[in-house]
Amino acid sequence: MIHFGFSYMGLIFLLMLFIPNIIWTKHKPKDYEKYVVNENKVLLLFERIGEILVCAMALIFSDFNLREPNLWTIWLVLAVLLMLFYEGYWIRYFRSEQKMTDFYSAFLGIPVAGASLPVVAFFSLGIYGANFFMLLATIILGIGHIGIHLSHKKEVFNDEKKKGIICRIFCVALMVVLVIVFGGITIIIGARNYNAIRGCIHSSNGIEEEGYIDLCGQEQYYLIRGEAVSNPVIIWIHGGPASPDTMETYAFSNYLKDDYTVVAWNQRGCGRTYYKNKDNDPYNDTATFEQAQADLDALVDYVCDRFQQENVILVGHSYGTMVGSKYAIEHPDKVVAYVGVGQMGAGGSDTYAYEDALSVAKEKGDDTTVMIAAFEKYQADATLENMLALRSYVSPYHVPEKENNYIMTALTSPYLGVYDVFWFGKQLENLSDFVELNSQLFDYISTEDVYAYGTEYQIPVGFISGACDWITPVKHTEDYFHTITAPKKEMQLIDGWGHTVPQESPKEFADTLMQVLETITN
């Protein structure tokens with residue numbers, strides 16, 4: 001989104017818009033001019049400004065050009081269909097008696113089709129290109145252009161029987177729904193564009209790149225951002241398992257990109273990587289913890305070779321700390337420093353959180369019957385479903401002092417893709433199927449903990465936790481911190497925040513991460 005460059009699709013749309021209008025100038029309805037003098041001057045101003053803006057936006061942004069098809073392409077298909085309908089409208093008019101009633105007769109049930117069809121088409125093109133400037137331009141154009149022609153239509157058909165009350169209520173309700181839906185789309189795309197502009201890479205020596213890379217025989221999605229490719233490289237290892245947050249990493253990498261090149265990727269078997277490979281690996285047979293180690297090793301080699309680095313910094317979050325800890329211990333020659341965010345420690349974190357919550361509940365005199373029953377069920381069968389059910393009773397007693405809705409961080413991300421949304425929906429649609437799809441990873445974390453990898457690091461190590469984190473309890477992280485040995489080690493808590501502090505408070509997290517790295521690497 002927001003890529004300057006010539007748009008051939010924009011040019012095609014403009015030609016489809018202008019050619020019939022040029023022909024129309026010689027085939028105007030005979031009494032058209034008498035209606036023109038009555039045009040609202042404010043609407044006319046909106047129309048003229050909108051026309052200029054739409055023409056300019058259509059040509060100067062390459063966002064509207066064809067790219068690899070996905071479900072988002074439906075907006076381009078819709079835009080093309082609307083323009084084809086627009087051409088059909090003109091063909092019908094030119095073959096008619098060319099009266100004002102012909103000019104303003106509905107086409108395919110669409111009122112003032114000559115005005116509304118191209119406006120909606122260019123708006124759909126703006127959604128396809130995720131370009132707020134085109135959306136804003138078409139809104140301005142629509143207010144003026146459609147408003148003027150609705151006024152003319154009313155004048156032309158002034159003797160027509162007024163619509164019934166039910167029909168008018170339906171039209172108003174439909175209009176309200178459309179305004180809410182497309183207004184919401186415009187706001188979200190506007191926010192995404194703002195974040196893209198705010199976080200853009202300015203240096204000619206920088207990099208802002210996303211795509212797919214072959215890691216151990218599978219194409220895996222990655223995102224790389226930084227103002228100088230000569231800077232130290234941070235590889236971000238997301239948690240879960242199978243909960244990619246690559247689209248959200250822009251929020252904290254905006255504060256790191258001046259000093260580091262940040263690499264994030266969707267691990268094997270999840271997110272965009274899953275959808276890219278699901279035809280070849282539909283059951284995620286290759287998505288194992290051991291394979292994640294091999295994939296990470298391949299990514300480290302690729303990054304070091306591409307950016308001429310001897311080693312990288314690993315930063316893992318939640319489950320990603322298991323991946324990162326093991327790799328850092330086994331490959332000290334390739335890792336200059338390791339930082340665990342919400343570092344996993346000994347097993348039994350949910351039991352520990354439950355025991356604390358139970359104690360708090362009893363002190364308050366709350367009924368703990370349901371909580372105890374949920375814990376007993378979890379003990380008998382430690383499935384993800386039972387774990388989440390237990391957490392639903394435990395979490396109210398461990399509410400962080402500070403919280404932000406990080407879902408908006410994802411929705412307004414410049415890097416949010418259709419498959420990111422699909423993967424999130426897959427988790428919500430059927431949790432059992434989601435767990436089954438990633439069963440090897442969930443089985444692994446239920447039977448293993450980081451102590452199994454050893455406690456001797458040959459590289460500097462840091463830990464960052466939200467002070468109110470009960471998903472990977474601070475107590476367990478502190479125990480692990482005091483147990484390990486490393487040339488240098490540092491642990492910092494971020495007051496008030498819980499487990500997802502990188503997404504909820506990205507600047508505070510980035511500042512803390514830089515402080516930790518400065519402490520352990522100098």
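Ser318 is buried, with a relative accessible area of 12%. Why does that count as buried? Because buried means under 20% relative accessible area. Where is Ser318 found? Ser318 sits in the loop between strand E5, residues 312–317, and helix H12. Its backbone deserves a look too. Phi of Ser318 is near 55°, a positive value in a residue other than glycine. Most residues other than glycine have a negative phi.

One reminder before I go on. This is a predicted model.

Now a second residue with a positive phi. Asn284 has phi near 55°, and Asn284 is not a glycine. Which loop holds Asn284? Look between helix H10, residues 271–277, and H11. Is Asn284 buried or exposed? Asn284 is buried, with a relative accessible area of 3%.

Asn284 comes in the loop between H10 and H11. Ser318 comes in the loop between E5 and H12. How do H11 and H12 meet? Two packed helices are described by the angle between their axes and the distance between the axes. H11 covers residues 289–306, and H12 covers residues 319–330. Their axes come within 10 Å and cross at roughly 65°. H11 and H12 are therefore roughly perpendicular to each other. The reason is the cut-off: angles of 65 to 115 degrees count as roughly perpendicular. The crossing of H11 and H12 is right-handed. Which residues make the contact? From H11, they are Phe289, Gln293, Leu296, Asp297 and Val300. From H12, they are Tyr319, Met322, Val323, Lys326 and Tyr327. Sort the residues of this contact by type, and there are seven nonpolar, one polar and two charged.

Here is another helix pair. H1 spans residues 8–24, and H3 spans residues 41–60. Their axes come within 7 Å and cross at roughly 145°. H1 brings Gly10, Leu11, Leu14 and Phe18 to the contact, and H3 brings Cys55, Ala58 and Leu59. How do the residues of the contact of H1 with H3 divide? Six are nonpolar, one is polar and none is charged.

Let's zoom in on E3 and E4. E3 is residues 233–237, and E4 is residues 261–265. These two strands run parallel, joined by four bridges. Take Val233: its bridge partner in E4 is Thr261.

The peptide bond from Gly240 to Pro241 is cis, with omega near 5°. Most peptide bonds are trans.

The loop between E3 and H9, residues 250–253, also holds Thr249. Thr249 is buried, with a relative accessible area of 3%. What is Thr249 in contact with, leaving aside its neighbours within four places in sequence? The partners are Leu223, Trp236 and Ala264.

Definitions and conventions
Residues are numbered from 1 along each chain as its sequence is written. This is a predicted model: local features need pLDDT of at least 70, side-chain atom pairs count only at pLDDT 80 or more; totals for chains, interfaces and linings use all residues. Side-chain values use heavy atoms; hydrogens and water are left out. Two strands pair if DSSP finds at least two bridges between them. Buried means under 20% relative accessible area, exposed over 50%, partly exposed in between (1.4 Å probe, protein chains only). Contact means heavy atoms within 4.5 Å. Axes are lines fitted to C-alpha atoms, for helices over the stretch in contact, and angles run from 0 to 180 degrees between N-to-C directions. Angles under 35 degrees count as roughly parallel, over 145 as roughly antiparallel, 65 to 115 as roughly perpendicular and the rest as oblique. A crossing is left-handed if the near helix is turned anticlockwise from the far one by less than a right angle, and right-handed if clockwise. Ala, Val, Leu, Ile, Met, Phe, Trp, Tyr, Cys and Pro count as nonpolar, Asp, Glu, Lys and Arg as charged, and the others, Gly among them, as polar.
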